[in-house]
Every structure is written in C-alpha cells, then in structure tokens.
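Here is a short note to read alongside the structure. Keep the view open and follow the points in order.

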Amino acid sequence: MSDMERISRREFLQRTGKAGGGLVLAVTLTSGCQPSGQDAVDEASVAPNVYVNIRDDGAVEIYCHRSEMGQGIRTCLPQVIADEMEADWDRIELIQALGDEKYGDQNTDGSTSIRQQFDLLRTAGATAREMLVAAAAATWGVPASECEAREHAVHHATSGESAGFGELVAAAADVAVPEEVAFKSADDYRYIGKSIDLIDGFDMTTGQANYGIDTVLPDMLYASIERCPAVGGTIASLDDAAARAVAGVADVLQLPDATSPPVFNPLGGVAVLANNTWAAQKGREALEIEWDYGANAAYDSATYREALAETARAGGRSVLERGDVEAAFGEAATVHEAEYFAPHLSQAPMEPPAAAARMTDDGGCEVWACTQAPQSAQQTVAGVLGIDKSKVKVHVTLLGGGFGRKSKPDFVAEAAWLARETGRPVKVTWTREDDIRQGYLHSVSAQCLKAALDADGNTTAWQQCTVFPSIGSTFDAAATGPNAMELGLGMTDNPYAVPNMRLEAGDAKAHLRIGWLRSVCNVYHAFANCSFADELAYLAGADPKDYLLQLLGPARLVDPGEDGAEYANYAQGLDTHPIDTGRIAAVVEKVADMAGWGRVLPDGHGLGIAVHRSFLSTVGTVAEVSVDDAGKLVVHELWTAIDAGLVVNPDRVISQMEGAGIFGMSLALHGELTAKNGAVVEGNFDTYPIVRMNEAPAAINVHIMEVDAPPGGVGEPGVPPVAPAIVNAYFAASGNRIRELPLRNSGLA
Amino acid sequence: MAVDLTINGQSFSLDVDPEMPLLWALRDVAGLTGTKFGCGKALCGICNVNVDGQVVRSCVFPVAAAAGKNVTTIEGLSEDGNHPVQVAWRELNVPQCGYCQPGQIISAAALLERNPNPSDADIDNAMSGNLCRCGTYTRIRAAIHKAAEDQS
C-alpha cells in the first residue's frame, strides 16, 4: 500500500473544492458505522455508498448518476469505480440512477463528469474495496494491511486465504465506512486509460436501446404542442373543433403561459393529445390559433445584428486590462481592426426533446426523460405541479444527443403538467421544427478586434469587445449582457503574451430563449481569436503556426485575475488546472507535426491552424481545404491534438474529437438561425443543414497528449478550434478572409 | 381499417389510418420503437427501414403502402444481433449517442446487399441521406469496409 496515495475526507473535500462535491461526500461516506447507500438494499448485498452495491452472488451494481448522450460516460464511469475497487469488468451491472440529490451534482454539462468527479468516483470504488478488505481481514483474523484486493477477490498471501467479493458481503455489512481511503497507484490501473468497448454497444446496434422518445406507459396519451412562435407570446383566440374531429384525438388543452424569465418552464401553447403520435400531430395542424406575439414580436435578427455590431464598435465595459493599449496603438507601426460575427444556432440533437410522465397515487409524479439534468427536471416538474420535489421521480433514459439542449427540462414539465390535467400517462414528443425554432438557442455574437504591431511584426496591443445576449437572460429578465462566467469561456482567459491588452464586453438584450450549446461562448470567441491571430501572422509576414507560438510566448502560467478579470476557470483551481502556455504550445507543435505543416500542398489547397483551451483541456486543430469547381469548400482532412490531462478511455476521447470535428464543421459551413417578427425562420434539416457524410473529411486524425495532470473536459473542447482552422485554411488557399459564420453565406457551402 | 403486413418475419394486422406513416405505425401501434423519429420530412434517414428490399423513409411512407409486404426494422435485421454490419459497428465502437444508428445500419446493410465491396465514394453516395449529429461518419465508413471484408 505504500505507493498508494492516501486521501482523507478533509483532503477530499478540499480537492473537490465545490459544495456539490462536499455534499456528495457527506451523503455517501458519513453514515456512521453502518454502510448506507441505496434506499432498498436487501440483506444479500452491501452498499458502501450510493454508487456501489455489492451482491452476495458477486455481482457489483454500479449506479451511473450522469446522463449518457454519446460522450461515453456509461462506460467511463464504471471504468473508474471498478478499477479502484478491483472489480471484474464482466461482473459489473450498470444501473442508471434516478434524479436524486444524494448523488450530488448530476448535471451532465460543462464536460464535468470526469474532470470534476474523478476523485469522487475513485473514492466510491476505493471505499468499497477497503471495506471488503476489512471484512476479509476480520473473518481471517489477520491485519487488513496484509490483505490485498485483486480481481474481484481479497487475498492474504501469508495464509493463502482468498475470498471472492460476493462471499464477503455479509461480513462487509458489519464494517464501518472508512474515514479515509487510499487510491491505487496509476501503475496498477486495469481499466483507467484503456479503450474499453461501449457498454451499450449491443443495445445501440440492435434497436434495444431506450431513449426518452421510446417510453411507453399503459393507457398513455401522445401529445404534440403548438407553441407561440415568439417567446413570451400568448393565445388570443383558439378554435379547436377541427383538431378534436381528427380520428384518434382524445383531448385539447391550453398550457399555462410562459414565464418571464423563461427559466426551464414550459413555453405555453396548446396541446393535442391522441392515442398515437401521428394523430396528435394531425390534430395539432388542424388547430386554429391567433397569437398575441407579446414583447418579442418585433425581433428581426438582421436588424439586431447591426445593433450588436454597433455596440461592439462603440466598445463596452472593461473586463480585463493589461498595460496601456492606447499608448501602444499610438506607437504602432501597423494597426489592424476586424469585425467578427456568428449567428444563433440550435443544438438539434437527433432525438428531439421527449418525455413521458404519470401521476402516482400519493399525488406525486413519475417521469421518464432524455434529460442532462435530472435534478433540474425534478425541481421544474415540482414547481409546475406545485408539489415537493421529493415526490417527483425522474428516470433518466439514454439521450439521443444532448449538446446542451437537454439541460433544460421544459419538455419534461410539459409532460408532467399534461399527465396531471388528463389523469392519464402522457408522452410529449417535440417535432424537429419545434426543436429548431423553440429551444434554447446558442447566442448570436458580434466582436470587434484591434491590434497593434511594431516594426518587427510583434503584436504589442490586443483590444477586443464582445457583445452577445447572455444565457443569464433565461434566468433573469433584467440581464442585459455577458456575465463573468460567459466571458471566461474564451475571452478573459486569453493566453497570448501581448504586453498591452484590453478586453471589453457590451450589453445586448435577449429576444429568444438563450442557452448552452456544446462549448457555449467558446464557439464565437475562439472563432474570432484564432482567426484574428492568423490575420496578424500574415500582416507580420510570418508563418501562422510560428506566429501562434510567438503570441503564446514563453511557457508560463496565466492568471486572468492578475489583469483584473473575474475568472472562474470552469469552477476548478488554477493550481490543479492552470492556463499553461507551455502545454498549449506543445499541442500546437504536435498538431502541426501531425498535419505535416509546411509541406508542399496540391494546387488550390490550404492548411489552417487553431488552438483553444476550454473546459480545462487544450485542443489544436489543423484543417486542409480547397475549393471545388462549383466554388464550394471541401474539407479534405482534419488533425486534432488534445491535452486533457489524464484520460479514462482513449477511444471515447478520440470519438469525441472526431464528433467535435463534424459538429464544428456544421456550424462553420451551415449553421445559422435567423428570426423575423419574433419567430425563428428555419425549421428542419433542409433550412438548418448539418454536415452529411459526403461533406465529412476523408480522415479525422486524433492524438491524445501524454501529460501527467488531472483530467480536463472532453465532450466540448474539440469544437471551438474547428471553425477558425477551416477559415484560416481557406485564407491560405484563397487569400480571402471570412469573418462571419456560416461560410454558406459567403457562397462556400 | 386494418393494414396487413409482415414485420421482421411476423404477421401483423394493424388497425390504423392507412395514411399513417409507417414510422408511427411501427412505434406507436406495433410497439417496435427501434426505428426512430428524426425530422418527419424524409431529410435525415433516422427512420429508415427496409420494405421488400428497398430502404424507405418510414416517416413519410404511408403504412398502407407496406400492405402485404415484408418490412425489416433494426430489431429484425438479424436474429441474434450479429449481422456483419452490427458486428463491425460494435468492433469499431461506432455509436456515440446511438440514436441514428438503427437507420445507419439499415442503410449500410442494404448497400452491402447490392454492392458487397463498396468504395468510399459508393459509401458516401449511399449513406449521405443519413444524418448523425454526433459525427460518427468516419467510423461508419470504416465499419462498412470492415463488414464488407468480414462477409467476403
């Protein structure tokens, strides 16, 4: 045990550094001398904590409290727990946890599951292991320090005793939960760091995987809801006679109006309930509704774009200040300015929002939902029904993609409200048009950048103003602009070694529901930053990769707080997860090497490079592009290097980088939502295209940096550098600089 | 009105509006939820099923048009889940969220049926109607090549 790292409860609390982590520990590991955990532990099992239950048949039940949406957490989470407890992978039974605060933070967003909970999961496994060891030691009358857990059994070398985990369950029930536990040495990992196959692979390839949309309850009604096209609008008049006449339609109900701020509450509207989805949709089409569009009736995205750009040009409040930018501009050999724009986007998970609900005999409610946030779902349902959240039971299904949309449980609350009103189980299924038009949109943004270069081409000043309606507007109707959390996503964490820097934020009022989309504000901040860095390289007459390294400067740790920024570092410490320009530069060098940076390219081809740190990981991307005979951009190949610190399952990291490449291409080439008269114009994959296989690169090459550091995020950080890498490659190929997304508006897609 | 058809080798008589898209007849009436809903407009391929050897978009294909025909969905592609395409999908860990994969697999199996050794271009032609928001396209290409090798 000497090479094990012992971790005490106090240390653990300090390391997790978050109320959520502390809460989990308190709940899971302070149950006195009796093991606690699942509510209904039968006598033939022992549950050292809420994540693990060991049965006397030797099976180890592991509770996955995070949502699976393609990132692979249902494989990676048990990998960590099973490894620490020395459980045999083939004897793991994975159980999807209900929404319950006893699990601590269950919000599956912010790429947090591993980066924030790695130690929590290890503790859960190590606690189970140490209790089994203690049980064996007590049974054999030998010191626990002489016993070792290995391959689903505890062994005592001196006496030759050995007992399987299942055999030790009864004795383990009498063992106190340890005050402190030891983690395995990384050298002894069996599963952590291994590309274990998907735990749901068979179900997903045979049609047996169950998503939110697949829930079927006895006597269930199927609902489709017509909502006001403008956020906050209300019903002026309703004629539902034709809808009620559609065969199969059982009822038509008006939902309560939307709230201001919208939070996660339903948007209101008219629900048609039927005995199948198609009848509900047909009934819905037959509704005759006149809407009062309300306060956002005049919203026009084209006009709004101009207003955003004006605000960005005028400058905003300072959020980071270093040196004296004005003096540097006065002394500059060259001053360069540019404006960048990126539009609203929809997450558009292939499974649209869907949830089923039924009321229970005790006045509670039970829901099945593809939610990223089961406890938010619990709270929102409780709020809409006016009941205590303890009476709301949330079953988490698989998610057919999430990308941030399913962090918002408005659709779950719709199902719950309709179940109560009808007295029958109800499933709500959003159409694709509902999803694209009426979700929580990725924010639209305008940015103005200005840089000073000296006679040698060094960047001596960097000024940037970012303007976008804030996600805060979803929770606070008075919110008018970017908040510190949002600015910490690719703006105030600027790593460039430019001696004079001023970063500003300008206000913008929201007219649609604004929400998270995979990598959030990093999308537009990285687009502007990495493109503008490329612009400066050409102005300086330098190679873009060399100039990027020059901007990053010498290896050092950057603390935005030193320049006055309010910076949260994704709610983790800069000590454990620093902004380390040495590590960022290493990623640049690696990805450039992978792509053969500097090689002779075919005629008309160009390479572009971008690097961006987000969610505590750094991703560098190189794109190779050309323009085909029809004038369309072709992305031939992508190369990606990621520094995510310790990696649990390399293949899942690679797959996330591959997926991020396609997701990033979609927003670079095609993604745009516009609005007229308060309503989103686009509605399906014809008007809101995403990349298809014929546009996908021939290869997406991924390298995982070997770095001895705590884990960073994986699900999101691959996205931000893709669009600027493509735009920079297009410039290299054509000499044309594009400063707005998507590229189809420049005729390139 | 009843629509009689065969689904995955089993006879069904579905009491539905004949205009109901096959997708909803499968999911809400026959109880086969392996076929998924994605767009409702034949734009994404997620709802693809095989009707008498042809891949159709079940979200716009009236159930009456399948009367008397053999419908194969993801649940019936193979008896044990070991169609070469399914095996290759698992060996390369193709799925991320997995939601579009039933439609992808139905399309890929049909491609290999008519072209046992497709090129990348053949695959792109056959598969570009199937959207994947997670972005598994490069692995799908590789898995189709692998399935082609495995069954040759």
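1. **The sheet of chain B.** Five strands of chain B make an open sheet, in the order E2-E1-E5-E3-E4, with mixed pairing. Strands here (E, at least two residues) and helices (H or I, at least four residues) are DSSP runs, numbered from the N terminus. Two strands pair if DSSP finds at least two bridges between them. Strand E2 (10-15) and strand E4 (54-57) of chain B are the edge strands, and each pairs on one side only. On average, neighbouring strands of this sheet are turned by 40° against each other, direction ignored. Axes are lines fitted to C-alpha atoms, for helices over the stretch in contact, and angles run from 0 to 180 degrees between N-to-C directions. Strands of a sheet pair through backbone hydrogen bonds, either parallel or antiparallel.

2. **What you are looking at.** This is a predicted model: local features need pLDDT of at least 70, side-chain atom pairs count only at pLDDT 80 or more, and totals for chains, interfaces and linings use all residues. Residues are numbered from 1 along each chain as its sequence is written, while chains are lettered from A and ligands numbered from 1 in the order in which they are written.

3. **One residue in the sheet.** Start with B:Leu5, which sits in strand E1 (residues 2-7) of chain B. E1(B) and E2(B) run antiparallel and are joined by six bridges. Which residue is the bridge partner of B:Leu5 in E2(B)? The partner is B:Phe12.

4. **Why B:Leu5 counts as buried.** B:Leu5 is buried because 22 other C-beta atoms lie within 10 Å. The cut-off for buried is 20 or more other C-beta atoms within 10 Å of the residue's own; exposed means 12 or fewer, and partly exposed is in between, with C-beta atoms placed from the backbone. Leaving aside neighbours within four places in sequence, the contacts of B:Leu5 include B:Phe12, B:Ala66 and B:Val71. Two residues are in contact if their C-beta atoms, placed from the backbone, lie within 7 Å. B:Lys69 is also on the contact list of B:Leu5. These two residues are 64 residues apart along the chain, yet their C-alpha atoms are separated by 5.5 Å.

5. **Chain B as a whole.** Chain B has five helices and five strands. From the N terminus on, its elements run β-β-α-β-β-β-α-α-α-α. Buried residues make up 62% of its 152 residues. The C-alpha trace spans about 45 × 30 × 25 Å along its principal axes. A compact globule of 152 residues would have a radius of gyration near 15 Å; chain B has 15 Å, so the two agree. That radius is taken over C-alpha atoms, and the globule rule is 2.2 Å times the number of residues to the power 0.38.

6. **Two domains in chain B.** The domain assignment gives domain 1 (2-75) and domain 2 (84-151) of chain B. Such bounds come from an automatic or database domain assignment. The C-alpha centres of these two domains lie 21 Å apart. Twelve residues of domain 1 are in contact with eleven residues of domain 2. E3(B) gives the most to the domain 1 side that touches domain 2, with three residues.

7. **Helices H2 and H3 of chain B.** Helix H3 (residues 101-114) of chain B lies across strand E3 (48-51) and E4 of chain B, at about 40° to E3(B). Helix H2 (residues 84-91) of chain B is mostly covered, with six of its eight residues buried. Among them are B:Trp89 and B:Arg90. What covers the buried residues of H2(B)? The cover includes helix H6 (201-206) of chain A, together with H3 and helix H5 (137-151) of chain B.

8. **Where the chains meet.** In total, 48 residues of chain A are in contact with 46 residues of chain B. H6, helix H8 (277-285), helix H18 (650-669) and strand E31 (699-704) of chain A each supply at least two residues of the side of chain A that touches chain B. H18(A) gives the most to that side, with seven residues.

9. **Chain A in brief.** Chain A has 19 helices and 31 strands. Of its 749 residues, 60% count as buried. Its C-alpha trace spans about 80 × 70 × 45 Å along the principal axes.
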